[in-house]
Amino acid sequence: MIIASPTWKPRHIPEKYKKPPISPEEKAKQKADSEARWQRARPIFERVRDELMASHYNWYIVIDSDSGDYFLEKDQLTIMQKLRENPHQKLLVTRRLNETGVCGSIL
């Protein structure tokens with residue numbers, strides 16, 4: 001049996017890495033913005049999903065809801081690299097080409 005030392009302390013996080021808490025109003029605004037972005041991207045997703053699911057099942061699709069442009073990648077790491085290289089730093093919608101469009105699983 002391992003007993004923690006009485007002098008043990010959790011690792012200290014430097015102040016520059018600590019983020020201030022987000023207010024409930026800001027959380028609600030972010031959620032509303034995210035939902036509005038998805039509502040604009042949803043028709044694009046629905047239009048191309050069936051066509052692309054046949055050849056790219058379970059691939060990731062990233063949609064720019066403003067322009068209607070999208071791109072596909074097989075794995076999430078490649079998607080993240082492409083998003084980091086995005087010079088416009090827009091907020092894009094990421095979904096998966098399957099029956100639900102969900103990128104992960106809920107356990």
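Predicted model: local features only at pLDDT ≥ 70, side-chain atom pairs only at ≥ 80, totals over all residues.
Leaving out neighbours up to four places away in sequence, the contacts of Asp64 are Ile44, Asp69, Lys90 and Leu92.

Asp64 is situated in the loop that joins strand S1 (60–63) to strand S2 (70–73). Is Asp64 buried or exposed? Its relative accessible area is 11%, and Asp64 is therefore classed as buried, since the class covers values under 20%. The side chain of Asp64 also has a polar partner, as a polar contact links it to the side chain of Ser67 at 3.0 Å.

Asn98 is found in the segment that follows strand S3 (93–96). With a relative accessibility of 9%, Asn98 is likewise counted as buried. Once residues up to four places away in sequence are set aside, Asn98 touches Arg49, Met53, Tyr57 and Asn58. One of these, Asn58, also takes part in a polar contact, in which its side chain meets the side chain of Asn98 at 3.1 Å.

| Residue | Partner | Distance |
|---|---|---|
| Asp64 side chain | Ser67 side chain | 3.0 Å |
| Asn98 side chain | Asn58 side chain | 3.1 Å |

The aromatic rings remain to be considered. How many aromatic pairs does a search of the whole structure find? The search finds 1 such pair. An aromatic ring may also have a charged residue over its face: Arg95 lies over the face of Trp38, and its distance from the ring centre is 4.0 Å.

Key:
Residues numbered from 1 in each chain as written. Heavy atoms only, no water. Helix = DSSP H or I, 4+ residues; strand = E, 2+ residues; numbered from the N terminus. Buried < 20%, exposed > 50% of the residue type's maximum accessible area, 1.4 Å probe, protein only. Polar contact = N/O pair within 3.5 Å; in protein donor to acceptor, adjacent residues only side chain to side chain. Contact = heavy atoms within 4.5 Å. Phe/Tyr/Trp six-rings, centres within 6.5 Å; stacked < 30°, edge-to-face > 60°. Lys NZ or Arg CZ within 6 Å of the ring centre and 35° of its normal.
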